[in-house]
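Colleague: I have a new model to look at and would like to go through it slowly with you. Could you start with whatever term I need before we talk about charged side chains?

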Amino acid sequence: MSLDSITTSVDEAVSGFFEPIATWLGEVVFYSVPVGGTELPLIVAWLVVAGLVFTAWFGFIQVRKFKLAVDVVRGKYDEKGSAGEVNHFQALTAAVSGTVGLGNIAGVAVAVSIGGPGATFWMILCGLLGMATKFVEVTLGVKYREVHADGTVSGGPMHYLPKGLTERFGKNGKSLGKVLAVLASFMILFFGLFGGNLFQVNQSYAQLVSVTGGEDGLMGSSAGALFFGILIAALVGIVLIGGIRSIANVTSKLIPAMAGLYIAACLVVILVHVTAVPAAIATIIEGAFNPEGVAGGVLGALIIGFKRAAFSNEAGLGSAPIAHSAVKTKHPASEGLVALLEPFIDTVVICTMTALTIVIANPASWAEARGGESIGGVTITSDAFATVMPWFPYILTVAVLLFAISTVLTWGYYGLKAWTYLFGRSRTSEITYKVVYTLFAIAGSLLTLQTLIDMADAVLFMLAVINIIGLYLLAPVVKRELNSFLEHVRARNAGETADEDPESVKTTV
């Protein structure tokens, strides 16, 4: 029996077994209600409302403290002797690598096809709101992290939900927190294996095949797929062995390089069509408030834009605090401020650059997609670049590969923290997880397992329900931590001696 027939049989067997579960779960998690002639997924509304609430609660912190956040990333307020494994910049790039991916390239193209150019405006707005949510969850991630005896750190919703709820509500909070922690760990682990690993490898392999001659080309065979999977698995396995420090060392170089490469390519297209820029911006703004050919009109464009942003930057989902918790700091809110830059980079900058490039270049495939034809998002984005650089699909392939590898690495770390919370931190436990994770990377190039990938999306967004309830309940804690850090900043700026050892980050196990 050939490898192709084996993988086809596995795909069909898995899909047949899990499809009813995936369908039911998707209908529950992404349940939509009719609004103004279109459908609004309640989970998207849940995420957007959280962004609105936290933006108001913290007085538009994403605007008022943006410069301070940049100063913290630059190391202006670093303190010697802080517990943690990585600096602020490395923690930011590690977290960004988990959100910046194929969604920024393909998902945005789909958004401006379905929702029109105006979806870009609402996508930016949702990204700005998500900055406040990200600030809250990451501050809690650092506040309630565990610093182990060997200096490594564990954080995330599986830690701040039980600890924070116990601290605020006593015995009742403790029981609820333990249940939520187990659920959060399972959800992160499941998405890490299928959405953060298998799907990324599968899609990057598909893009590689498309530029190397298709199914009949160099990489189109099952042998080519197996080689690609083993290569990615080896790279990921080597980096995972080194933990977050190794991942941060890679992502701190990879993220700026790949983001710079992608943004530079966008700027080339924009500059070539520079005379079309004012008209494109006008089209985006006009389309936001007076869209034509979009189901639901303004609400339709708004919902599509919000949906794309919510799915892209993961604000409120509880994943990013895992990476940010490893930062070297004595003030949890310092990393919360750093984290609010994440949706700005992911959604406001990179997603917007993609949308603007497509609107300005106006490739034929985009017009066809808006007319109702089924065209892949990567194809539309690639065609937009090809209007100026016919050879760009090769560069896009490199970008896709880099985005995918960085996402696989970061979700490998997220999954490890979920795994060790569930099964313990023994050496055997960690090695078992890393072997399983690398095997999933190999499977990604051979199997589609679309049913399980769809389930993974639903499971991750289920986590948002649990996580944001916790954020609301623990927001007063975040307010105190913010005031503490702002006092530290004031003292540092005035040359005074600041508090060097706040109780909030001394937890050691």
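Modeller: A salt bridge here is a side-chain nitrogen of Lys or Arg within 4 Å of a carboxyl oxygen of Asp or Glu. This is a predicted model, in which local features need pLDDT of at least 70 and side-chain atom pairs count only at pLDDT 80 or more, while totals for chains, interfaces and linings use all residues. Residues are numbered from 1 along each chain as its sequence is written, and side-chain values use heavy atoms, with hydrogens and water left out.

Colleague: Okay, how many salt bridges does the count come to by this rule?

Modeller: The count comes to seven. In one of them the side chains of R74 and D71 meet, with 2.8 Å from N to O, and D71 also forms a salt bridge with K67, where the closest N and O atoms are 3.2 Å apart. Because they share partners, K67, D71 and R74 are joined into one network.

Colleague: Where do D71 and K67 lie?

Modeller: Both lie in helix 4 (residues 66-73), four residues apart, which is about one turn of the helix. Helices are DSSP runs of H or I with at least four residues, strands are runs of E with at least two, and both are numbered from the N terminus.

Colleague: And is D71 buried or exposed?

Modeller: D71 is buried, with a relative accessible area of 7%, whereas K67 counts as exposed at 60% and R74 counts as exposed at 60%. Buried means under 20% relative accessible area, exposed means over 50%, and partly exposed is in between, using a 1.4 Å probe and protein chains only.

Colleague: Which residue forms a salt bridge with E146?

Modeller: E146 forms one with K163, the closest N and O atoms being 3.4 Å apart. This pair links distant parts of the chain, since E146 is in strand 3 (residues 146-147) and K163 is in helix 8 (residues 157-210), 17 residues apart. E146 counts as buried at 17% relative accessibility, and K163 is partly exposed, with a relative accessible area of 23%.

Colleague: Changing topic, which residues touch the most other members of the largest nonpolar core?

Modeller: They are F135, L140 and Y414, in a core of 159 residues. A nonpolar core is a set of buried Ala, Val, Leu, Ile, Met, Phe, Trp, Tyr and Cys residues joined through side-chain atoms within 4.5 Å. The largest share of this core, 20 residues, comes from helix 20 (residues 450-494).

Colleague: What is Y414 in contact with?

Modeller: Leaving aside its neighbours within four places in sequence, Y414 is in contact with A94, A95, I188, S319, A320, I322 and A323, where contact means heavy atoms within 4.5 Å. A94 is also touched by T410, along with S97, G98, I247 and T251, again not counting residues up to four places away in sequence. T410 is in helix 18 (residues 392-423) and is buried, with a relative accessible area of 2%.

Colleague: What about W57, where is its place?

Modeller: W57 is in helix 2 (residues 42-57) and is partly exposed, with a relative accessible area of 34%. Beyond residues up to four places away in sequence, W57 touches Y472, A475, P476 and K479.

Colleague: How do strand 1 and strand 2 run?

Modeller: Strand 1 (residues 32-35) and strand 2 (residues 38-41) run antiparallel and are joined by four bridges, and strands are said to pair if DSSP finds at least two bridges between them. P34 stands opposite E39 in strand 2, and the hairpin has two residues between the strands, with G36 taking a positive phi near 55°.

Colleague: Which residue has a positive phi although it is not a glycine?

Modeller: N362 is one of them, with a phi of about 50°, and N362 lies in the loop between helix 15 (341-361) and helix 16 (364-370). Most residues other than glycine have a negative phi. E314 also has a positive value, near 60°, and lies in the loop between helix 12 (297-313) and helix 13 (320-324).

Colleague: Last one: where does pLDDT stay under 50?

Modeller: That happens over residues 498-509, while the mean pLDDT of the protein is 85 and 95% of its residues reach 70 or more. pLDDT is the predictor's confidence in each residue, from 0 to 100.
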